[in-house]
Amino acid sequence: MSEDEPAVPLVRARLMGRVRQKNSAPELLVRSALHRAGFRFRLHRRDLPGTPDIVLPARSAAVFVHGCFWHRHPGCRRTTTPKTRADFWNAKFARNIERDAAAIAALEEQGWTPVVIWECEAGDAELVVSRVARSDAEVRRLPLSPPAEPGRDRGRPPPRGRAVAD
Ligand SMILES: [Zn+2]
């Protein structure tokens, strides 16, 4: 899979499908980014609240890759509302939001750190990796491309001259 592949809008396809579609294109992008960054993870832990798409046991991080339309990414242009049957859609969206919030609360209660990656963000490997990395107090050195700003970027980039083992 190419990392340059855009996270294409899946709204049309997913209108026909289920909300929690497994192995969606955005999810595959996120997995790919995490894999390249050296994270170890497991998929679709049904025993955890909300069945997180990706679980990183070492970091106690539970990642959801959310479709912007279904899960209502605030302020996102993909978060449209169909004109017809608005009541139906709004009720459906409200249930999704409620379910997501309940899953996140339950995960936190169990000591997990929930991380939400929105569909429109899934193609940005660096963003994905940094968000998951931030989910843990431990700041790790990650084999990312060089930082845009030399020096400090949330303390993440490695000091120059020291090889990043991979
Ligand atoms: Zn979005």
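Reader: Which residue takes a positive phi just after α2?

Author: Just after α2, the residue G38 takes a positive phi of about 90°. Please note that this is a predicted model, in which local features need pLDDT of at least 70, side-chain atom pairs count only at pLDDT 80 or more, and totals for chains, interfaces and linings use all residues. Residues are numbered from 1 along each chain as its sequence is written.

Reader: How many helices and strands does the protein have?

Author: Helices (H or I, at least four residues) and strands (E, at least two) are DSSP runs, numbered from the N terminus. The protein has 5 helices and 4 strands, and from the N terminus on the elements run α-α-β-β-β-α-α-β-α.

Reader: What is the order of the strands in the sheet?

Author: Strands of a sheet pair through backbone hydrogen bonds, either parallel or antiparallel. Two strands are taken to pair if DSSP finds at least two bridges between them. Here the 4 strands form an open sheet in the order β1-β2-β3-β4, with mixed pairing. Its edge strands, β1 (42-43) and β4 (113-118), each pair on one side only. Strand β3 (residues 61-66) pairs with β4 in the parallel sense over 6 bridges.

Reader: Which residues of α2 are buried?

Author: A residue is buried if 20 or more other C-beta atoms lie within 10 Å of its own, exposed if 12 or fewer, and partly exposed in between, with C-beta atoms placed from the backbone. In α2 the buried residues are P26, E27, L29, V30, R31, A33 and L34. These buried residues pack against β2, β3, β4 and α5; two residues are in contact if their C-beta atoms, placed from the backbone, lie within 7 Å. Of the 166 residues of the protein, 27% count as buried.

Reader: At what angle do the axes of α2 and α5 cross?

Author: Two packed helices are described by the angle between their axes and the distance between the axes. Axes are lines fitted to C-alpha atoms, for helices over the stretch in contact, and angles run from 0 to 180 degrees between N-to-C directions. The axes of α2 and α5 come within 9 Å and cross at roughly 70°. The two helices are therefore roughly perpendicular to each other, a term for angles of 65 to 115 degrees.

Reader: Which residues of α2 and α5 meet?

Author: From α2, the residues V30, A33, L34 and R36 meet A125, V128, V129 and V132 in α5.

Methods
Angles under 35 degrees count as roughly parallel, over 145 as roughly antiparallel, 65 to 115 as roughly perpendicular and the rest as oblique.
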